[in-house]
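Q: I would like to go through this structure with you, one topic at a time. May I begin with the backbone and then turn to the contact between chains?

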There are 2 protein chains.
Amino acid sequence: MGGDNAPSVEVEGAVVAAREFGIPITLVGDTERLRQELGKHNVQGLDILLHHASEVVGMHDAASDAVRRKKDSSVRVAFELLKNGAADAVVSAGNSGATMAAGMFVLKRLKGIDRPAIAQIFPTLRGKTLVLDVGGNVDCKPIHLVQFAIMGEVYARHVMGVEQPRVGLLSNGEEDSKGNELTRETNSILKNISFDYIGYVEGRDIFNGVVDVVVCDGFVGNVVLKLSEGLAEAVGKMLKDEIKQSFLSKLGYLFSRKAFSNFKKKVDYAEYGGAPLLGINGVAMICHGGSNVKAIKNAIVFANDYVRKGVNQRLAEKLETEFTMYMQQGNVRESVAG
Amino acid sequence: MGGDNAPSVEVEGAVVAAREFGIPITLVGDTERLRQELGKHNVQGLDILLHHASEVVGMHDAASDAVRRKKDSSVRVAFELLKNGAADAVVSAGNSGATMAAGMFVLKRLKGIDRPAIAQIFPTLRGKTLVLDVGGNVDCKPIHLVQFAIMGEVYARHVMGVEQPRVGLLSNGEEDSKGNELTRETNSILKNISFDYIGYVEGRDIFNGVVDVVVCDGFVGNVVLKLSEGLAEAVGKMLKDEIKQSFLSKLGYLFSRKAFSNFKKKVDYAEYGGAPLLGINGVAMICHGGSNVKAIKNAIVFANDYVRKGVNQRLAEKLETEFTMYMQQGNVRESVAG
């Protein structure tokens with residue numbers, strides 16, 4: 001109920017996912033409005049249930065307060081369904097901070113994790129890069145970034161299938177002397193951890209594919225995420241404007257149309273659906289507030305896949321063993337305390 | 001001497017600027033190496049002087065320490081020349097933090113400014129957006145961001161010619177409840193200032209042109225800058241890869257070539273040369289470490305223009321009167337103290 005175009009886009013995305021992939025869906029929210037939206041589609045034979053929730057956490061609400069206060073908000077009720085076994089995953093296009101807070105509040109965190117992180121996959125020249133956190137954790141301590149790094153490394157290895165993931169810390173320069181207070185302390189802790197930590201990386205490294213995992217706080221990560229979408233869009237528009245300037249280049253565009261649409265598919269965030277919320281006891285996908293139908297559908301498909309493959313279970317196990325190992329190696333608690 | 005490809009690119013850029021625009025240049029650095037580089041070019045009739053400086057601040061050096069320690073570093077000596085009237089502007093592709101520190105140390109700051117800022121112009125769908133700070137000030141207090149906002153507003157009005165510049169504060173969401181500790185306090189101060197402050201903006205807003213000035217700390221701004229360059233480059237490459245997939249689209253590309261090159265010109269950072277350093281008593285342009293010849297040339301041309309038009313003088317006057325006015329309106333000192 002909390003997305004920018006809720007619930008029409010969410011309902012349509014769910015209908016498409018149910019129709020095309022046979023995924024059973026429970027829509028959580030104001031059932032009267034949900035029924036109205038469902039009435040616009042042919043839902044015959046689809047496995048779609050409605051579950052009432054009387055409240056909504058808005059984009060303007062302060063996340064964790066709202067989740068605690070609004071006991072009957074759609075996002076909180078959705079996580080309750082997961083907790084009670086009535087659902088296997090939560091997909092939300094509402095306030096991402098609230099989705100994180102609700103997931104944490106209802107499902108609890110994985111052992112060793114202080115703060116869950118939203119992990120977004122970016123397309124690059126060589127493949128894909130996982131960036132975390134891209135929202136939620138706006139004011140972080142070094143220990144949080146260290147935990148994000150470990151979660152990202154485990155995720156890249158066990159879910160993205162990267163044999164030895166290279167992990168970088170986002171900064172304003174590659175040299176150890178660069179960075180701010182937060183990154184400098186995080187950098188020195190990560191250097192003592194045995195995975196493939198390559199040190200600071202810069203903004204450009206997200207897209208050239210030199211690392212598999214990029215770690216940053218949620219404020220910076222969110223700026224990165226929205227900037228990337230905005231820029232990819234702007235670049236496409238600017239290029240089209242240029243092409244429209246002459247008949248010849250318009251003709252050329254007709255011939256290259258397929259290439260343009262393939263490219264668009266590659267950078268379109270909707271293709272990636274949502275971003276997994278790592279560090280909680282359950283599967284949750286966080287979508288953009290402004291998600292379109294395709295993005296919602298893809299997030300549902302991804303979440304379904306995630307559950308069927310037992311990804312979160314495997315991730316939790318790996319995190320528990322490897323996290324403990326990494327944290328001991330890095331003498332993290334001591335470093336932070338010191 | 002401090003750029004990634006120094007001094008060959010710097011010398012060639014200076015030679016081109018001197019040849020094409022008749023701009024008098026003083027090259028500051030190891031004169032033996034500079035003479036060697038100059039020997040590769042036809043410099044007959046060009047107004048190029050050499051000034052020796054025995055030390056270099058490297059990219060790995062901690063900026064302000066290095067500037068204080070290395071009294072005979074090229075960047076510091078260059079600012080001394082400006083101070084003594086032997087030069088009108090400094091152009092540097094070295095360590096940007098060191099350039100800022102040297103400018104501040106040698107020339108001093110404008111009245112009311114605690115920290116100078118590097119202001120970068122970004123191309124957008126509608127025109128241009130000024131983003132500051134894009135480097136140097138990695139750990140900021142609200143008062144610094146407020147000063148950046150005022151400098152940016154005055155610069156947009158008096159240099160970029162925007163009648164009533166719209167100023168936004170970069171955040172992870174538009175709502176006042178979003179942001180981190182730094183932006184939330186800055187946001188509440190800026191709301192009390194009488195210029196056109198529109199509140200929080202997001203990463204995507206830099207390129208859609210809804211604001212003329214975007215304010216952020218130097219850590220975030222630097223990530224934004226390098227991400228934008230990297231992404232624009234990656235997008236171009238991805239599109240070319242797609243086009244190469246078929247004969248037809250390759251043919252189409254031939255017809256659209258001009259549009260592609262116009263587009264490339266629009267997003268190529270080298271066209272913008274460098275970024276002005278705002279808030280010091282003098283003109284300085286900061287270029288990328290990896291600048292090419294065109295970028296260096298354009299930065300020199302821009303700096304020359306800037307000096308001839310008396311921009312910095314006007315900016316200093318405007319800043320002095322308007323800064324005081326704005327600061328009083330916002331009750332800034334009190335807000336910060338409280």
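Q: Where does Asp133(A) lie?
A: In this predicted model, Asp133(A) is in the loop of chain A between strand 5 (128-132) and helix 6 (142-158).

Q: What kind of peptide bond joins Leu132(A) and Asp133(A)?
A: The bond is cis, with omega about 0°.

Q: And the peptide bond from Ala6(A) to Pro7(A), cis or trans?
A: That bond is cis, its omega being near -5°. Pro7(A) belongs to the segment before helix 1 (8-21) of chain A.

Q: What is the phi of Lys108(A)?
A: Lys108(A) is not a glycine, yet its phi is positive, at about 70°. The residue sits in the loop between helix 5 (96-107) and strand 4 (117-123) of chain A.

Q: Is Lys108(A) buried, exposed or partly exposed?
A: Lys108(A) has a relative accessible area of 48%, so it counts as partly exposed.

Q: What about Lys108(B)?
A: Lys108(B), also not a glycine, has a positive phi of about 70°. Its place is the loop between helix 5 (96-107) and strand 4 (117-123) of chain B. With a relative accessible area of 49%, Lys108(B) is partly exposed.

Q: Changing topic: how many residues does the contact take from chain A and from chain B?
A: Chain A contributes 60 residues and chain B contributes 59 residues. The area buried between the two chains is about 5,300 Å², with 72% of it from carbon and sulfur atoms.

Q: How many salt bridges are found across that interface?
A: There are six salt bridges between chain A and chain B. Glu229(A) forms a salt bridge with Arg204(B), where the closest N and O atoms are 3.3 Å apart. The interface also has 12 residue pairs in polar contact.

Q: Which helix of chain A gives the most to the side that touches chain B?
A: Helix 9 of chain A gives the most, with 19 residues. By class, the side of chain A that touches chain B has 28 nonpolar, 19 polar and 13 charged residues.

Q: What does Ile206(A) touch, leaving out residues up to four places away in sequence?
A: Its contacts include Phe122(A), Val131(A), Leu170(A) and, from chain B, Leu227(B).

Technical notes
Residues are numbered from 1 along each chain as its sequence is written. Chains are lettered from A and ligands numbered from 1 in the order in which they are written. This is a predicted model: local features need pLDDT of at least 70, side-chain atom pairs count only at pLDDT 80 or more; totals for chains, interfaces and linings use all residues. Side-chain values use heavy atoms; hydrogens and water are left out. Contact means heavy atoms within 4.5 Å. Buried area is the accessible area (1.4 Å probe) that two parts lose on being put together, summed over both. A salt bridge is a side-chain nitrogen of Lys or Arg within 4 Å of a carboxyl oxygen of Asp or Glu. A polar contact is a pair of N or O atoms within 3.5 Å; within protein, one must be able to donate a hydrogen and the other to accept it, and residues adjacent in sequence count only if both atoms are side-chain atoms. Helices (H or I, at least four residues) and strands (E, at least two) are DSSP runs, numbered from the N terminus. Ala, Val, Leu, Ile, Met, Phe, Trp, Tyr, Cys and Pro count as nonpolar, Asp, Glu, Lys and Arg as charged, and the others, Gly among them, as polar. Buried means under 20% relative accessible area, exposed over 50%, partly exposed in between (1.4 Å probe, protein chains only).
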